[in-house]
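I opened my notebook to look at how two chains meet. My notes follow the structure.

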2 protein chains.
Amino acid sequence: MRKLLNVFTLFAMTMSVLPQAAAQNRRAVDLLVLGGTIVTMDGTRRVIDDGGIAVSGGRIVAIGPRDEIQRGYTARKKLLAFGKVVTPGLINGHTHVPMVLFRGLADDLDLQEWLTKYIFPAEAKNVTETFVRIGTRLGLAEMIRGGTTTYCDMYYFEDAIADETAKAGVRGVLGETIIDFPVADNKTNAEGMAYVEKFVSRWKGHELIVPAIAPHAPYTVSEAHLRAVRAFSDRTGAPIVTHISETKRELDDSVKDKGASPVAYLDRIGFLNNRVIAAHVVWPQGTDIAILKRHGVGVIHNPQSNMKLASGVAPVPKMITEGVFVGLGTDGAASNNDLNMWEEMDTVAKLHKVFSGDPKVISAQQAFELATIRGAQALHLEKEIGSLEIGKRADILIIDRDTLNQIPLYNIYSDLVYATKGSDVQTVIINGRIVMRDRRLLTLNETTIKTEARALRDKIIKSLASPAPSQ
Amino acid sequence: MRKLLNVFTLFAMTMSVLPQAAAQNRRAVDLLVLGGTIVTMDGTRRVIDDGGIAVSGGRIVAIGPRDEIQRGYTARKKLLAFGKVVTPGLINGHTHVPMVLFRGLADDLDLQEWLTKYIFPAEAKNVTETFVRIGTRLGLAEMIRGGTTTYCDMYYFEDAIADETAKAGVRGVLGETIIDFPVADNKTNAEGMAYVEKFVSRWKGHELIVPAIAPHAPYTVSEAHLRAVRAFSDRTGAPIVTHISETKRELDDSVKDKGASPVAYLDRIGFLNNRVIAAHVVWPQGTDIAILKRHGVGVIHNPQSNMKLASGVAPVPKMITEGVFVGLGTDGAASNNDLNMWEEMDTVAKLHKVFSGDPKVISAQQAFELATIRGAQALHLEKEIGSLEIGKRADILIIDRDTLNQIPLYNIYSDLVYATKGSDVQTVIINGRIVMRDRRLLTLNETTIKTEARALRDKIIKSLASPAPSQ
């Protein structure tokens with residue numbers, strides 16, 4: 001009976017045979033998502049069977065049982081999600097998007113060797129605005145295909161990254177790097193600060209882009225420059241994206257050189273505020289977690305990157321318990337080696353179980369929270385994204401439930417975290433705009449992206465065989 | 001120029017316009033795989049660019065540069081792999097295939113609670129021959145789609161599993177469970193031993209199926225029964241599939257009850273031989289690793305299952321260094337929750353790096369070895385499978401190289417282990433037979449499988465809501 005009803009409704013919607021009178025009473029919106037199990041991630045973690053979502057002006061204006069939504073709203077554009085799962089878009093809290101072009105360039109090395117022998121030389125020889133644009137398009141295409149709708153970035157030529165991201169219709173907290181040595185786009189701190197000033201004022205208030213300032217790490221940026229970053233953030237409201245306490249070596253050096261852990265040092269110099277987004281925090285000491293909590297710092301955990309570089313295991317269960325805002329990230333694809341948030345969710349649950357010896361630690365639901373609502377908190381965007389609720393941005397995934405790896409289904413969060421693959425994501429909506437439909441990218445040209453990326457690869461290989469250019 | 005040549009060759013092969021004279025000198029075989037980068041996993045780990053493989057009677061009769069193969073061999077059936085990667089089929093060294101039907105039934109629990117409160121009751125109420133056949137088909141379909149060509153199993157009604165596996169054209173080392181309590185197919189040890197006697201004699205010598213005896217674990221099978229298993233294996237040559245030292249609790253109980261670790265106990269009672277395939281071995285003590293090496297026991301490491309159940313981290317790098325045959329497995333999909341060997345490879349490399357603190361431990365190439373040639377050694381089948389070499393069974397994958405997550409490519413092993421997904425596997429050949437072509441299953445009906453599995457799921461949920469049936 002219910003099946004018959006669905007078939008009829010489908011027919012009715014497709015053929016627009018609904019009585020005019022009824023249609024006239026309904027509010028016209030931009031887009032309706034109809035049918036499917038909606039995993040809202042709202043405050044009560046409501047799951048709606050056979051639900052519906054109405055979208056207008058890039059935001060969710062109604063969400064509930066499908067029949068209610070259909071009674072109240074009408075739209076020319078409809079996405080049918082019968083038999084599928086509808087979730088908030090995933091939030092990749094930390095990456096360096098153009099580094100997809102270095103994916104697999106050097107693996108199975110420790111962070112120092114990997115950075116100084118391979119990545120820094122490869123960057124010195126190859127990073128230009130063109131490189132950054134091609135890499136960003138490649139990374140954005142991979143992220144959309146995997147259901148990531150918001151990402152937080154730190155790289156060079158961030159203005160070009162913002163431009164590509166906005167064109168592709170993806171949401172980004174994008175941080176221009178500040179670092180105390182000459183890099184591709186800026187040769188001095190003064191140049192970098194001038195760049196970021198222009199960058200932030202250009203993009204501030206954009207509906208997709210949150211421009212940010214990104215001091216690389218406490219060990220690569222001087223105290224004076226870090227203070228200037230904080231002052232800039234206070235003046236402009238720009239988030240501060242940074243790396244903190246990624247390795248034991250960073251911790252040891254900090255204790256030796258500054259007499260404090262990286263977190264305690266940053267607290268001491270007045271750097272931390274509730275706009276800071278700190279990647280890693282693998283080695284918090286003493287009161288570090290309390291400091292992060294007190295300042296409202298967002299922490300982004302990158303389990304696969306930390307594993308691959310043997311950086312350590314961040315005390316994520318403890319940070320969550322103590323009320324720190326924690327999100328999840330892939331890190332750059334040069335260290336992971338992909339931008340797949342489904343594998344990070346699967347890994348974060350499994351890693352902390354075995355590391356703590358407690359299989360109840362980081363449940364499937366918590367892992368999904370880290371990639372959605374908790375990720376939004378860590379990026380200080382929880383009022384805008386991270387859940388499907390009235391008033392929030394319409395960043396929505398429709399996920400296939402018919403692939404073999406998902407059958408059968410007993411528990412929706414278990415299925416999403418332990419069984420769903422990136423390739424199961426079928427349709428992606430960001431800010432109310434459909435950017436992938438039935439696995440076809442609508443805002444990016446995949447063929448061109450692949451051709452350009454492969455051409456650049458050949459150039460990168462040649463560049464590494466030749467001596468470094470003088471700065 | 002090379003591109004032009006390829007296009008011409010393709011045209012020539014398709015249209016059969018090659019001169020008759022040349023064709024007459026070539027040996028007719030069943031199947032040719034032409035083009036692509038062949039990752040052989042042979043003794044020298046040879047990688048052949050633009051390679052070719054000739055297959056006859058289910059075995060590889062020639063492998064080398066494509067032009068050589070094309071000069072020497074002809075076949076009606078040809079698979080073109082230009083621009084793709086060709087590898088040995090993956091070996092899933094440990095699973096309980098029908099348990100895919102319990103995927104996601106209960107998660108985030110420790111092994112004892114998970115087994116005794118959820119899995120054993122669910123099995124008691126649901127496992128029949130029909131259940132096993134439906135679950136096996138579902139699991140086989142998932143494994144083929146992910147490029148697994150050989151798997152090692154332990155479950156009930158293993159004769160039905162063998163029947164389904166042979167029909168699907170998949171290779172299996174299939175062990176009928178021996179356990180000291182009444183189970184679905186056998187109520188006593190005598191019944192179990194009689195079943196296994198018939199089972200092994202029925203399947204022995206089959207080109208796909210290696211029938212095996214599978215005593216569940218040293219803590220669920222008595223010493224006398226374990227000795228009888230060993231005698232059965234000596235008499236019939238059947239492999240012995242078992243679980244050893246999965247948890248700290250198993251180790252502690254063994255030391256308390258038997259005065260020795262599980263491995264030392266099994267050595268003492270004369271159970272171990274070079275046909276044993278031992279899953280897990282998370283907690284080897286003292287000379288346990290040397291004992292396993294001395295007897296030629298194969299060990300199957302299940303990183304994701306061990307993580308999810310918080311069982312611990314097996315000392316795999318040490319076992320490899322000491323010369324133990326180690327392979328890789330998913331374990332049952334009720335504890336993992338999938339049958340995806342690509343994720344196990346990715347995880348095994350990353351887990352041991354972070355656990356040891358050494359990012360050089362378990363390189364990408366070693367991880368790929370664990371799923372191919374080392375996996376074959378652990379199943380005692382290294383003369384038949386695990387690499388692409390003349391004389392070996394033709395178990396071959398053709399893998400797409402054109403998905404975004406694989407671009408660009410710098411290192412073939414890094415790409416396979418850290419970036420390739422199960423969904424990138426395009427075509428699967430087992431024993432010379434094409435079982436999946438361009439993502440379409442040729443030996444199994446996916447639609448029927450899904451329908452049957454979903455119907456069973458509803459039955460399983462109902463069964464768990466009602467009281468347990470009396471045995």
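**Entry 1: the contact.** I looked up the contact and found 52 residues from chain B and 52 residues from chain A. Two residues count as in contact if their C-beta atoms, placed from the backbone, lie within 7 Å. This is a predicted model, where local features need pLDDT of at least 70, side-chain atom pairs count only at pLDDT 80 or more, and totals for chains, interfaces and linings use all residues. Residues are numbered from 1 along each chain as its sequence is written, while chains are lettered from A and ligands numbered from 1 in the order in which they are written.

I then asked which helix of chain B gives the most to the side that touches chain A. Helix 14 of chain B does, with 5 residues. I sorted the residues on that side of chain B into 21 nonpolar, 12 polar and 19 charged. Here Ala, Val, Leu, Ile, Met, Phe, Trp, Tyr, Cys and Pro are nonpolar, Asp, Glu, Lys and Arg are charged, and the others, Gly among them, are polar.

**Entry 2: the symmetry.** I laid chain B on chain A: a turn of 180 degrees and a shift of 0.0 Å along the axis give an RMSD of 0.0 Å. In chain B, the C-alpha of Ser423(B) is nearest the axis, at 3.6 Å. The same surface serves both copies, as 100% of the contact residues of chain B recur in chain A.

Conventions:
Helix = DSSP H or I, 4+ residues; strand = E, 2+ residues; numbered from the N terminus. Least-squares fit on C-alpha atoms with pLDDT ≥ 70 in both.
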